[in-house]
Amino acid sequence: MTERIVLAYSGGLDTSVAIGWIGEATGAEVIAVAVDVGQGGESLETIRQRALGCGAVEAYVADARDEFANEYAMPTLKANALYQGHYPLVSAISRPVIVKHLVKAAREFGATTVAHGCTGKGNDQVRFEVGIQTLGPDLKCIAPVRDLALTRDKAIAFAEEKGLPIETTKKNPYSIDQNVWGRAVETGYLEDIWNAPTKDIYDYTATPEFPPAPDEVTISFQAGVPVAIDGVKVTPLQAIQELNRRAGAQGVGRIDVVEDRLVGIKSREIYEAPGAMALITAHKHLEDITIEREQARFKATVGQRWSELVYDGQWFSPLKRSLDAFIEDTQQYVSGDIRMVLHGGQAIVNGRRSETSLYDFDLATYDTGDTFDQSMARGFIELWGMSSKVASGRDLRVAGQ
């Protein structure tokens, strides 16, 4: 029986050429796998037919938009996950769902190897291959660009020689990856970190310098998940899509950062994540009134470590699973409404309410009706500062000897 290889297929030039390139290099049959995580563009059926036209023996396509929003974007929201305090893990959280379908397709079609289009320089090769090793430890992995010397020039020449049904153009100066959670842009003249991004880079967001009138929105959450916008019920996918539209129109969610890649180099990245950043902002403000102080402090540490694990391709790891359990427990009372104004590149919260709030007006107020017993403060301060006071006395005593 001829060996079969499953290929993560985007429908673009490189992965279209990879179908025949892999076949010639290995003698194997190729099954193309396309997964829709809200990246937009062509229909899955168009992509499926192109894969078959480029020589794939089978084409597996999956509409995973709701799956991606529910099972990958929502845990990211609950963790308030921002790698290095900036990046909402746009590409990092899409790789595990694609891996899941790659392994599923490998089982369905009897493939022994999984292929992806990543280079040897980025994070995604790790995310794909660690995920595949975890979900399908018997499966092998190859990367045509990295392992089979498939360069862009060779891809264009191969496509023209074989008459493949794919447009062959000079390389776009940027490398772009996008899904419903956001959009990532890198390479080209952005590699000079002194160069400012130009307007043509952006697609999900309008220019914030000339915004339309302020847009006030109320987001309702239940156990950490958005369930309504301005009183209209929504699914997680619909919440992200609606805020992509409204926050994007105000230029919210533009991120320009130099981040630390897993492979040990620093990389300049431009991100657009209007829906993600608006939701994370709202979610964090709701947590501020519904999560107890010490729990909130520790959750910030957990969220940072969670972000690092996901960025580093450890979505399916035991530690990530354990941190998920802690984060999920913290969301029990994260329910209520957040009102925010979207304008000029900012999402500013100006109202919050919750039936499970820990904010007590009678304790917080300085007006008549204050129930806080201020006489307790003196003794509390004495005890709170006791260890420092004792240590300071020791320091003075020793210094005077």
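The expected span of a helix is 1.5 Å times one less than its number of residues. Helices (H or I, at least four residues) and strands (E, at least two) are DSSP runs, numbered from the N terminus. This is a predicted model, in which local features need pLDDT of at least 70, side-chain atom pairs count only at pLDDT 80 or more, and totals for chains, interfaces and linings use all residues. Residues are numbered from 1 along each chain as its sequence is written, and side-chain values use heavy atoms, with hydrogens and water left out.

**Stop 1: helix α9.** Select residues 274-290. At 1.5 Å a residue, the 17 residues of α9 should span 24 Å, and the end C-alpha atoms are 25 Å apart, which agrees. Is α9 largely enclosed by the rest of the structure, or exposed? Of its 17 residues, 13 are buried, so α9 is largely enclosed. Buried means under 20% relative accessible area, exposed over 50%, and partly exposed in between (1.4 Å probe, protein chains only).

**Stop 2: the whole protein.** Zoom out. The protein has 14 helices and 14 strands. Its C-alpha trace spans about 85 × 60 × 45 Å along the principal axes. Of its 401 residues, 47% count as buried. The protein exposes about 20,000 Å², and carbon and sulfur atoms supply 53% of that. Accessible areas come from the Shrake-Rupley method with a 1.4 Å probe; for residues, only the protein chains shown count as cover. Contact means heavy atoms within 4.5 Å. Among contacts with a separation of 6 or more, 73% join residues 24 or more positions apart.

**Stop 3: α10 and α11.** Select residues 293-311 for α10 and 318-330 for α11. Their axes come within 10 Å and cross at roughly 145 degrees. Axes are lines fitted to C-alpha atoms, for helices over the stretch in contact, and angles run from 0 to 180 degrees between N-to-C directions. The crossing is left-handed: the near helix is turned anticlockwise from the far one by less than a right angle. Now show side chains. On α10, the residues that meet α11 include Phe-298, Val-302, Trp-306 and Leu-309. On α11, Leu-319, Leu-323, Phe-326 and Ile-327 are among those that meet α10. By class, this contact has nine nonpolar, two polar and five charged residues. Here Ala, Val, Leu, Ile, Met, Phe, Trp, Tyr, Cys and Pro count as nonpolar, Asp, Glu, Lys and Arg as charged, and the others, Gly among them, as polar.

**Stop 4: Trp-315.** Stay in the loop between α10 and α11, where Trp-315 lies. Trp-315 counts as buried, at 10% relative accessibility. What does Trp-315 touch, not counting residues up to four places away in sequence? Its contacts include Trp-306, Leu-309 and Val-310, as well as Glu-71, Tyr-72 and Pro-75.

**Stop 5: Ser-16.** Jump to helix α1, residues 13-26, which holds Ser-16. Ser-16 is buried, with a relative accessible area of 0%. Beyond its neighbours within four places in sequence, Ser-16 is in contact with Tyr-9, Gly-11, Arg-50, Cys-54, Leu-164 and Ile-166.

**Stop 6: two positive phi angles.** Most residues other than glycine have a negative phi. Select Leu-89, in the loop between α3 (65-78) and α4 (94-109). Its phi is positive, about 65 degrees. Leu-89 is buried, at 0% relative accessible area. Finish at Thr-187, in the loop between β7 (182-186) and β8 (215-222). Phi of Thr-187 is positive too, near 70 degrees. Thr-187 counts as partly exposed, at 21% relative accessibility.
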